[in-house]
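Please read them with the structure open beside you.

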Amino acid sequence: MNQPPEITITKKDLGQIETLLASTKPLPDCADELEGELARANVVSNDALPENVVALGSQVTFKIIATAATFTKVLCLPSEVNQIDGGISVFAPIGAAILGLSEGQQIDWDSPRGQQRIEIIEVAHN
């Protein structure tokens, strides 16, 4: 696997995700990868997050490189998936993969379909 790209997350997102990881049983399949991402992330205050970086609540357009399939989803907490149109949980493999990435970045990520390369196309904050 290539060197993982730099990621940036807010203190608020970090706190919410860590709290959920500590209290969720059983843990999601991607918990180890998500914890690894959190550990290596550049953590910033909520108002210091660049506009082009994926955070909880962001609408994200991303592409699966191998298939060129493009999706637009809203990254959210597991409890919000059914309440948000197009929601994808940060506990889903691709949700965990895109957290903290910025437009133009790519990451290799293990998914139920095997390893996939994902590219962030566009990020919008609501």
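1. Two strands are taken to pair if DSSP finds at least two bridges between them, and the elements themselves are DSSP runs numbered from the N terminus, with helices (H or I) of at least four residues and strands (E) of at least two. Under that reading, Val60 stands opposite Lys73 in E4, and Phe62 faces Phe71 in E4.

2. A word on provenance: this is a predicted model, in which local features need pLDDT of at least 70 and side-chain atom pairs count only at pLDDT 80 or more, while totals for chains, interfaces and linings use all residues. Residues are numbered from 1 along each chain as its sequence is written, and side-chain values use heavy atoms, with hydrogens and water left out.

3. Strand E4 (residues 69-76) is joined to E3 by 6 bridges, the two running antiparallel. E3 and E4 form a hairpin with 4 residues between them, and the loop between these strands contains Ala68.

4. E3 is largely enclosed by the rest of the structure, because 5 of its 7 residues are buried; buried means under 20% relative accessible area, exposed means over 50%, and partly exposed lies in between (1.4 Å probe, protein chains only).

5. E7 pairs with strand E6 (residues 106-111) as well, again in the antiparallel sense, over 6 bridges. These two strands form a hairpin with 2 residues between them, and within the pairing Asp108 has Arg117 of E7 as its bridge partner. By contrast, E4 and strand E5 (residues 87-89) run parallel and are joined by 3 bridges, with Gly87 in E5 as the bridge partner of Val74.

6. Which residues form the negative surface patch? Glu18, Asp29, Asp32, Glu33, Glu35 and Asp110 do so, where a patch takes residues with over 30% relative accessible area and no salt bridge, joining like charges within 9 Å and nonpolar side chains (Val, Leu, Ile, Met, Phe, Trp, Tyr) within 5 Å. A salt bridge here is a side-chain nitrogen of Lys or Arg within 4 Å of a carboxyl oxygen of Asp or Glu. Helix H2 (residues 31-40) supplies the largest share of the patch, 3 residues. Asp32 has its place in helix H2, and Asp32 counts as exposed because its relative accessibility is 61%.

7. Finally, helix H1 (residues 11-23) includes Lys11, which counts as exposed because its relative accessibility is 54%. Lys11 and Leu56 are 45 residues apart in sequence, and their C-alpha atoms are 11 Å apart in space.

Definitions and conventions:
Accessible areas come from the Shrake-Rupley method with a 1.4 Å probe; for residues, only the protein chains shown count as cover. Lys and Arg count as positive and Asp and Glu as negative; His and the chain ends are not counted. The place of a charge is taken as NZ of Lys, CZ of Arg, CG of Asp or CD of Glu.
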